[in-house]
Amino acid sequence: MPAKGNQEVPHAHFKKHWNRGYAGVANGPRLVKCYFNQPGKKRARYQKRLQKAREIAPMPTAGALRPAVRCQTNKYNLRMRAGRGFTLAELKAAEISPKWAQTVGIAVDHRRKNRSLEGLQENVQRLLQYKAKLVILPKKSANTTEQLKGFILPLAKPSLRVKARAATKEEKEGKVFKTMRHERASARMVGIRQKITLQKAAEAAMKKK
């Protein structure tokens, strides 16, 4: 915009040059970059994927089998994702040796700990399912035709949507606010009530003496 009244004339920030780098250096980094080789790079990435598949054949292209784990923090722990590797407890429950597991495409993570029984059982079932479907092919006569493409045993997305239904008689008669206040008070008073119980027990023991 042109100057209006007693205002400063706006600066023109036209500092992008095609054939000049920073601070006027002739061979410096260009300020304007083009990406005309995009189709060629796409083809190169595709050829690289094929080459990698041929090198690791007959192993699956996606790599090793991964466990199903929960995301961290209360905000994301409803979401399931693929973890780094199976714990030693999960492998022991599935009767699989950690050393043998790494030779047949099962990822092992000795650092992760099982925080819930449900997660442990889910990953044990995942290991047993993989073990039942496992086919070991000789490396010498390997080719990409028998190679598994894509993620191994994909994780099923759980449906979190609850279908609408009519309220039951117990739900209509229940006092939700009163129940919440009672549970909150019980959680707050648990220490005091425990202390009173211990004091009464001590007094009763003193009277018996």
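1. Arginine 45 counts as partly exposed because its relative accessibility is 44%; buried means under 20% relative accessible area, exposed over 50% and partly exposed in between, with a 1.4 Å probe and protein chains only. Arginine 45 sits in helix α1, residues 38-56. Helices here are DSSP runs of H or I with at least four residues, strands are runs of E with at least two, and both are numbered from the N terminus.

2. On provenance: this is a predicted model, in which local features need pLDDT of at least 70 and side-chain atom pairs count only at pLDDT 80 or more, while totals for chains, interfaces and linings use all residues. Residues are numbered from 1 along each chain as its sequence is written, and side-chain values use heavy atoms, with hydrogens and water left out.

3. Overall layout. The chain holds eight helices and two strands. Their order from the N terminus is α-β-α-β-α-α-α-α-α-α. Of its 209 residues, 17% count as buried.

4. Arginine 45 belongs to a positive surface patch, together with Lys41, Lys42 and Arg49. Patch residues have over 30% relative accessible area and no salt bridge; like charges are joined within 9 Å, and nonpolar side chains (Val, Leu, Ile, Met, Phe, Trp, Tyr) within 5 Å. Lys and Arg count as positive and Asp and Glu as negative, with His and the chain ends not counted.

5. Salt bridges number three. The rule is a side-chain nitrogen of Lys or Arg within 4 Å of a carboxyl oxygen of Asp or Glu.

6. Glutamate 90 and arginine 112 form one of them, at 3.0 Å from N to O. Glutamate 90 lies in helix α3 and arginine 112 in the loop between α4 and α5, so the pair ties together parts 22 residues apart in sequence. Glutamate 90 is buried, at 0% relative accessibility. Arginine 112 is partly exposed, at 21%.

7. Arginine 111 pairs with aspartate 109 at 3.7 Å, N to O. Arginine 111 counts as exposed, at 51%. Aspartate 109 counts as buried, at 7%.

8. Arginine 165 bridges to glutamate 171, with the closest N and O atoms 3.0 Å apart. Arginine 165 is exposed, at 59%, whereas glutamate 171 is partly exposed, at 43%.

9. Serine 116 is in the loop between α4 (98-103) and α5 (117-133). Its side chain reaches the backbone nitrogen of glycine 119 at 3.2 Å. Serine 116 is partly exposed, with a relative accessible area of 36%.

Terms used. Accessible areas come from the Shrake-Rupley method with a 1.4 Å probe; for residues, only the protein chains shown count as cover. The place of a charge is taken as NZ of Lys, CZ of Arg, CG of Asp or CD of Glu. A polar contact is a pair of N or O atoms within 3.5 Å; within protein, one must be able to donate a hydrogen and the other to accept it, and residues adjacent in sequence count only if both atoms are side-chain atoms.
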